[in-house]
Amino acid sequence: MNEMNWDQLRLFLAVAREGGLAGAARQTGSSPPTLARQMLALEARLGAELFTRHARGYTLTDEGRALLERVE
């Protein structure tokens, strides 16, 4: 996890814990579109899909759960 963007990881934690963008936006003060862009950028940086996106929220993939364990 070298050269990680700690702000992206902080936002990842919020999205993962809240299960979606709306709750994470309330928690972090970031807008849902900003959170979505940051999650896509983090996934691109890691080369892994971290979330399964649903109409009513996000669920972690196996890779997302592994990252959550590492950063908590």
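Tutor: Let's start with a rule: rings of Phe, Tyr and Trp (its six-membered ring) pair if their centres lie within 6.5 Å. Keep in mind that we're looking at a predicted model. Here, ring pairs join Phe12, Phe51 and Tyr58 into a cluster, and a search of the whole structure turns up two aromatic pairs.

Student: What makes phenylalanine 12 and phenylalanine 51 an aromatic pair, and why is it called tilted?

Tutor: Their ring centres are 5.5 Å apart, and the limit is 6.5 Å, so they pair. The planes make an angle of 50 degrees. Stacked needs under 30 degrees and edge-to-face needs over 60, so this pair falls in the rest, called tilted.

Student: Why does the pair tie together parts that are apart in sequence?

Tutor: Phenylalanine 12 belongs to helix H1 (residues 6–18) and phenylalanine 51 to strand S1 (residues 51–54), so the pair links parts 39 residues apart in sequence. Both phenylalanines are buried, too.

Student: How do you know that threonine 61 counts as buried?

Tutor: Its relative accessibility is 12%. Buried means under 20%, so threonine 61 qualifies. You'll find threonine 61 in the loop between S2 and helix H4 (62–71).

Student: What does the side chain of threonine 61 reach, and why is that called a polar contact?

Tutor: It reaches the backbone oxygen of glutamate 49 at 2.6 Å. Leaving out residues up to four places away in sequence, threonine 61 touches Glu49, Leu50, Phe51 and Thr52.

Student: Why is glutamate 43 called buried?

Tutor: Same test: its relative accessible area is 9%, and the cut-off is under 20%, so it passes. Glutamate 43 sits in helix H3, and its side chain reaches the backbone nitrogen of leucine 50 at 2.8 Å.

Student: What makes S1 and S2 a pair of strands?

Tutor: Pairing takes at least two bridges, and four join S1 to S2, so they pair. The two strands run antiparallel, and a hairpin connects S1 to S2 through two residues. Histidine 54 stands opposite glycine 57 in S2.

Student: Which residues of helix H2 are buried, and what do they pack against?

Tutor: In H2 (residues 21–28), the buried ones are Leu21, Gly23, Ala24, Ala25 and Thr28. They pack against H1, helix H3 (32–46) and strand S2 (57–60). Just after H2 comes glycine 29, with a positive phi of about 85 degrees.

Student: Which residues touch the most other members of the largest nonpolar core?

Tutor: That core has 21 residues, and Phe12, Val15, Leu35, Leu42, Phe51 and Leu67 touch the most other members. Two or more residues each come from H1, H2, H3, S2 and H4. H1 gives the largest share, seven residues.

Student: What does leucine 42 touch?

Tutor: Setting aside residues up to four places away in sequence, leucine 42 touches Met4, Gln8, Leu9, Phe12, Leu50 and Leu67.

Notes: Residues are numbered from 1 along each chain as its sequence is written. This is a predicted model: local features need pLDDT of at least 70, side-chain atom pairs count only at pLDDT 80 or more; totals for chains, interfaces and linings use all residues. Side-chain values use heavy atoms; hydrogens and water are left out. Buried means under 20% relative accessible area, exposed over 50%, partly exposed in between (1.4 Å probe, protein chains only). Contact means heavy atoms within 4.5 Å. A polar contact is a pair of N or O atoms within 3.5 Å; within protein, one must be able to donate a hydrogen and the other to accept it, and residues adjacent in sequence count only if both atoms are side-chain atoms. A nonpolar core is a set of buried Ala, Val, Leu, Ile, Met, Phe, Trp, Tyr and Cys residues joined through side-chain atoms within 4.5 Å.
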